[in-house]
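The sequence and structure come before the details.

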Amino acid sequence: MSIPQLLPTFKLPVQLGNLTTPWNCRLRELSKQRQYPQALTLYIHMLRSSFSPNTFTFPFLLKSCAHLFLPFTGSQLHAHVIRTGTQPDPYIRTSLVSMYSKFSLLNNARKVFDEFPYWQNITICYNAMISGYTFNSKVREGFVLFHRMREEGVEVNSVTMLGLVSGCTVPEDLTIGVCLHGFGVKFGFYGDLSVVNSLLTMYVKCGEVELARKLFDGMGERDLITWNAMISGYAQNGHARQVLELYREMKLAKMRPDPVTLLGVVSSCANLGAQSIGREVERQIHCCGFSSNTFLTNALINMYARCGNLVRAHAIFDCMAEKNVISWTAIIGGYGIHGHAEIAVGLFDEMVESGIRPDKTVFVTVLSACSHAGLTDKGLEYFDAMEVKYGLKPGPEHYSCLVDLLGRAGRLKEAMDLIKSMKVKPDGAVWGALLSACKIHKNVELAELAFEHVIKLEPTNIGYYVLLSNIYSDAENLEGVLKVRVMMRERKLRKDPGCSYVEYKGKVHLFYCGDRSHLQTEEIYRMLDKLESLVKEIHAPAEKYQGRSEGVLNTGVHSEKLAIAFGLLNTTSGTEITVMKNLRICGDCHLFIKLVSKIVNRQFVVRDATRFHHFRDGACSCKDYW
DNA sequence: ATAGGGTTAG
């Protein structure tokens, strides 16, 4: 076949696009309106009316199969294309390549792509194949094809760029991403906002928020997507403060927020424990008419739950017309965090009854709720049900919850056996959970074993060294303590001191472990002494508590205890106290806090600030945000 | 053929 012979096929769709049969016109309409099932039904009618499909028919049908994820129908259509002897023009082939890519059948896609001599592959074919690679997270292959495309002199357009850039999603892809950035600048794609936006997103996904911000600052023109990409980029990387700052700037620039924007803002409020700002944003959500957006409502439930306002969280949850697994996860997790495992478990059952299939994430939430409240057997039950009843294979994240569950209950041997029986490779968190259980139950021997494993998997995680060191010091094993210190020094690991902070009257009050530098130190320590003795009075040992072990009371002067004592001294009843804490694994004051909460009838929220950058930025206050 | 989105323990 020579080039001249093919030329008519190339031109056909453009010239005769409007002159095709009514069938094809209707098909195009349906495809435009994304009514894919209707499009396929129409095809059946077409065949029944003995209309034979032509070049214009197939792309719409293939696209419909791709969107509906119907691999079987799709390959039947492919066979049909061959059978009808339809000239497979670039448009059909592009559709085939893109459809097979959506089904992750890259070999089939590549076969269609390779079947014809290279000069038949025009830009759209390349684009489809390149996007196919990146869609299946094979950026490298996509990049190779991009090079070939250029060598063969095929025109590169914005879609080529978008396909490639959007495939760079992990730090390892950054080299390619930067290369593409350079290419874009050199060949004039910088004027195309969609390309620059995708570059911005690429930097964000690779964790390079600063580079993303640099690009953002240098942009002459910004649209809603630009702002959203930057805002959610900050939100996903834990820079909650920058999210709020940027949101304010956005409003100053007279750019109207949409649900995606507000989503980033709400989830940042959840991570900051900033309920007052969250309330403000909720009002805006109602004003803008986004109240029925499921994404946003889920984020709001999560925000209120994390800020300790379970009443509001539950009220929003109840009002939702369509609750999905994520809505349930948010509310269950909310009760779990605050130690109400019975309610959490009850909600889980209710969810199943309402016909929603639990997923892996909701099981993580339920298991951890059980573990915090000492519902050991209930947790084990759920773990079994997960695979037997719901066919979900437990991952390392579930095993770590279960090890934590057994470990807190003092069932260390069972926890160890569980790890040995795991079908998946245990990760750092699994061994880490065992290590912290050893801390609670003072088991030095097992701790050493767990430490050996955990350190191989996460050699730079400082928390585990600290944990082992504390275990040694509890056992008065000075040699052990020194050994760990030497290891830390050799590996040049410096420990950020553990600290907690409370926001009070727009100022941040920061406490270190055993800290005596606060102005109210005397009062705080008196309060803490009182709390310690009250807690000891009501703390029931395991045997008195129907076999439920609530864990061991921690007697050290931990930073979160100081923060709580400070909060109690300075705030009135009825307000909840949010304590932010920078280290996760160190002192586990969970039980202490829970009991104090019972005694004084106050809500406490201890938020993990490890992932967030307050401490690097220097502590900041709510007033700075707004 | 195509840039932005909610949940999760340790």
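Is Glu-350 buried, partly exposed or exposed? With a relative accessible area of 45%, Glu-350 is partly exposed, a class that lies between buried (under 20%) and exposed (over 50%), using a 1.4 Å probe and protein chains only.

## Basis

This is a predicted model, in which local features need pLDDT of at least 70 and side-chain atom pairs pLDDT 80 or more, while totals for chains, interfaces and linings use all residues. Residues are numbered from 1 along each chain as its sequence is written, chains are lettered from A and ligands numbered from 1 in written order, and side-chain values use heavy atoms, without hydrogens and water.

## Chain A

Chain A holds 34 helices and 4 strands, taken as DSSP runs (helices H or I, at least four residues; strands E, at least two) and numbered from the N terminus. Of its 626 residues, 52% are buried.

Contacts are heavy atoms within 4.5 Å. Among those between residues at least 6 apart in sequence, 66% join residues at least 24 apart.

## Negative patch

Asp-318, Asp-349, Glu-350 and Glu-353 form a negative surface patch. Patch residues have over 30% relative accessible area and no salt bridge, with like charges joined within 9 Å; a salt bridge puts a Lys or Arg side-chain nitrogen within 4 Å of an Asp or Glu carboxyl oxygen. Helix H21 (residues 341-353) contributes the most, 3 residues, and Glu-350 lies in this helix.

## Positive phi

Ser-137, in the loop between helix H8 (123-135) and helix H9 (139-151), has a positive phi near 45°. Ser-137 is exposed at 61% relative accessible area.

Glu-476 has a positive phi of about 55° and sits in the loop between helix H28 (462-474) and helix H29 (478-490). Its relative accessible area is 71%, so Glu-476 is exposed.

How values were computed:
Patch = residues over 30% accessible without salt bridge, like charges linked within 9 Å, V, L, I, M, F, W, Y side chains within 5 Å. Areas by Shrake-Rupley, 256 points an atom, 1.4 Å probe, with all protein chains shown as cover. Lys, Arg positive; Asp, Glu negative; His and termini not counted. Charge placed at Lys NZ, Arg CZ, Asp CG, Glu CD.
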